[in-house]
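Dear colleague,

I am passing on the structure we spoke about, together with some notes on what turned up in it. Please look through the coordinates first and then read on.

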Amino acid sequence: QLELEESGGGLVPPGGSLTLACEGSGFTLDAFAIGWFRQAPGKEREGLACISSTDDIYYGDSVKGRFTIFRDNAKNTVYLEITHLKPEDTAVYYCAGAGDYYCKAIGPREFRGWGQGTQVTVSS
């Protein structure tokens, strides 16, 4: 029942910012923990941030204070704000859902309902 669609990616210069959106269809996102992930070519999928159904928020170690996750229940959407972008942030960004128990670890294998992803390219 988890059906998600990512949007908001694009080409951004280093130091720029971007806000990605994860919109649910056919279910209410506030019933799940929603995580953001990314995967660069040749690398494993990396957990970035997660917001639980009760708005507990967790970030991956690699984020280093540059990412912010928040939700708008009226729009059935979870957002990821990315600031101070670096070339190494270039990847396909995905969202997915899980039970709240799995939110803290942001482990990709525990999440379901992956969207198609949205490409973020950081380049001058």
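A residue is called buried here if its relative accessible area is under 20%, exposed if that area is over 50%, and partly exposed in between. By that cut-off Tyr94, which has a relative accessible area of 14%, is buried. Please keep in mind throughout that this is a predicted model.

I begin with the rings around Tyr94. Ring pairs join Phe37, Tyr94, Phe111 and Trp114 into a cluster, and the count of aromatic pairs comes to five. One of them is the edge-to-face pair of Phe37 and Trp114, whose centres are 4.8 Å apart and whose planes make an angle of 65 degrees. This pair links distant parts of the chain, since Phe37 belongs to strand β4 and Trp114 to the loop between β9 and β10, 77 residues apart. Phe37 is buried, with a relative accessible area of 0%, whereas Trp114, at 28%, is partly exposed. Tyr94 and Trp114 also form an edge-to-face pair, with 6.2 Å from centre to centre and 85 degrees between the planes. Because Tyr94 lies in strand β9 and Trp114 in the loop between β9 and β10, this pair ties together parts that are 20 residues apart in sequence. Arg45 takes part here as well: its charged end sits over the ring of Tyr94, 4.1 Å from the centre, and also over the ring of Trp114, 4.5 Å from the centre.

Next comes the sheet. Four strands form an open sheet in the order β1-β3-β8-β7, with antiparallel pairing; β1 (4-7) and β7 are the edge strands, each pairing on one side only. From one strand to the next, the twist averages 20 degrees. Strand β8 pairs with β7 over six bridges in the antiparallel sense, and six bridges also join β8 to β3, again antiparallel.

How much of β8 is buried? Five of its six residues are, so the strand is largely enclosed by the rest of the structure. Tyr79, which is in β8, counts as buried at 16% relative accessibility. Beyond its neighbours within four places in sequence, Tyr79 is in contact with Thr19, Leu20, Ala21, Trp36, Thr68, Ile69, Phe70 and Asp72.

As for the packing, the largest nonpolar core has 26 residues, and those with the most contacts inside it are Leu20, Trp36, Val78, Leu80 and Tyr93. At least two residues of this core come from each of β3 (18-24), β4 (33-39), β5 (46-51), β7 (67-72), β8 (77-82), β9 (91-98) and β10 (118-122). Another core, of eight residues, lies apart from it and includes Cys50, Ala96, Cys103 and Phe111.

Finally, Ser52 is found in the loop between β5 and β6 (57-59) and is buried, with a relative accessible area of 2%. Not counting residues up to four places away in sequence, Ser52 touches Phe32, Ala33, Arg71, Asp100 and Cys103.

With best regards

Note on methods:
Residues numbered from 1 in each chain as written. Predicted model: local features only at pLDDT ≥ 70, side-chain atom pairs only at ≥ 80, totals over all residues. Heavy atoms only, no water. Core = buried A, V, L, I, M, F, W, Y, C linked by side-chain atoms within 4.5 Å. Buried < 20%, exposed > 50% of the residue type's maximum accessible area, 1.4 Å probe, protein only. Contact = heavy atoms within 4.5 Å. Pairing = 2+ DSSP bridges. Axes fitted to C-alpha atoms, helices over the stretch in contact; angles between N-to-C directions. Phe/Tyr/Trp six-rings, centres within 6.5 Å; stacked < 30°, edge-to-face > 60°. Lys NZ or Arg CZ within 6 Å of the ring centre and 35° of its normal.
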